Amino acid sequence: MRCSEAAGRVSDYVSGELGGSDRSSLEKHLEHCENCRSCADDMLAFRTRVRDLMRITAPAGLRSRIAGMVSAEKH
Amino acid sequence: MATAPIRPGDAFEQEVLQYIDGLYGYALHLTRNPEDASDLVQETYARAFRARSQYELGTNARAWLFAILRNTFLNLRRADGRAPRTVPCEWIDELAEGDDGELPIERSADPHRCFLNDLLREDIDKALAELPEEFRSAVVLCDVEEMPYAEIAEVLGVPIGTVRSRIHRGRVILQKKLHEWKKGSGRGSK
């Protein structure tokens, strides 16, 4: 696999959406190509950081409103 | 020990209520306002409860709910006369120009780790807000909600290939913006 081909698959790989022979071909390339491996590692680290920073809990007020709605629905 | 029988309504409620945090987070990305986001989530649940007969227990409640939320948001925007922008392909091509899948950074682990550690929630929030809705939704559903592409396709009502492309381009544009800001152009958080 060439670097240009690997670059087009790294995003799917990071998303966990690359399977079968595509995945093994890319992983084989990443074992030997420091530049592409660094790119994949960076994208994965970025994705993890975005997830960790952007996860949020719904406010208590909204939970109460929804609970009230559920309760009202039963009566 | 005998357990109380679960009424269908209870099972439905259990299934849909577990997604309240994710729905609120997504609503916040769409509306950019906590009160509007709460209203949107409440309206989503109201519509879901009204349409419960259309939902088959044990199928994909998450995709169903997120699709209701997004469609409700888009319909409200249209009703307000703020129809969502349709993004010309050329514009996105221009934004992602030179995109060959690589990140816009030096190829060394340390600068990237520093960059990541420096990032604040508000930086990512601002950068996401500047993405067109189609791209923002795809990136948020994939990277924050960790939905598989097939589920995102269901929520957005587009083919998986489109989801793949939007996520890839959305990530590249997002990272380019964040790198530019962090290099000291005066935008984003320091």
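This is a predicted model: local features need pLDDT of at least 70, side-chain atom pairs count only at pLDDT 80 or more; totals for chains, interfaces and linings use all residues.
Residues are numbered from 1 along each chain as its sequence is written, and chains are lettered from A and ligands numbered from 1 in the order in which they are written.

**Stop 1: select chain A.** You'll find 4 helices and 0 strands, where helices (H or I, at least four residues) and strands (E, at least two) are DSSP runs numbered from the N terminus. Along the sequence that reads α-α-α-α. Chain A is more spread out than a compact globule, because its radius of gyration is 21 Å, well over the 11 Å from the globule rule for 75 residues. That radius is taken over C-alpha atoms, and the rule is 2.2 Å times the number of residues to the power 0.38.

**Stop 2: select chain B, 8–79, then 89–185.** These are domain 1 and domain 2, with bounds from an automatic or database domain assignment. Their contact takes 11 residues from domain 1 and 11 residues from domain 2 of chain B; two residues are in contact if their C-beta atoms, placed from the backbone, lie within 7 Å.

**Stop 3: zoom in on chain B's domain 1 side.** Which elements give two or more residues to the side that touches domain 2? They are α2 (20–31) and α4 (61–79) of chain B. The largest share, 5 residues, comes from α4(B).
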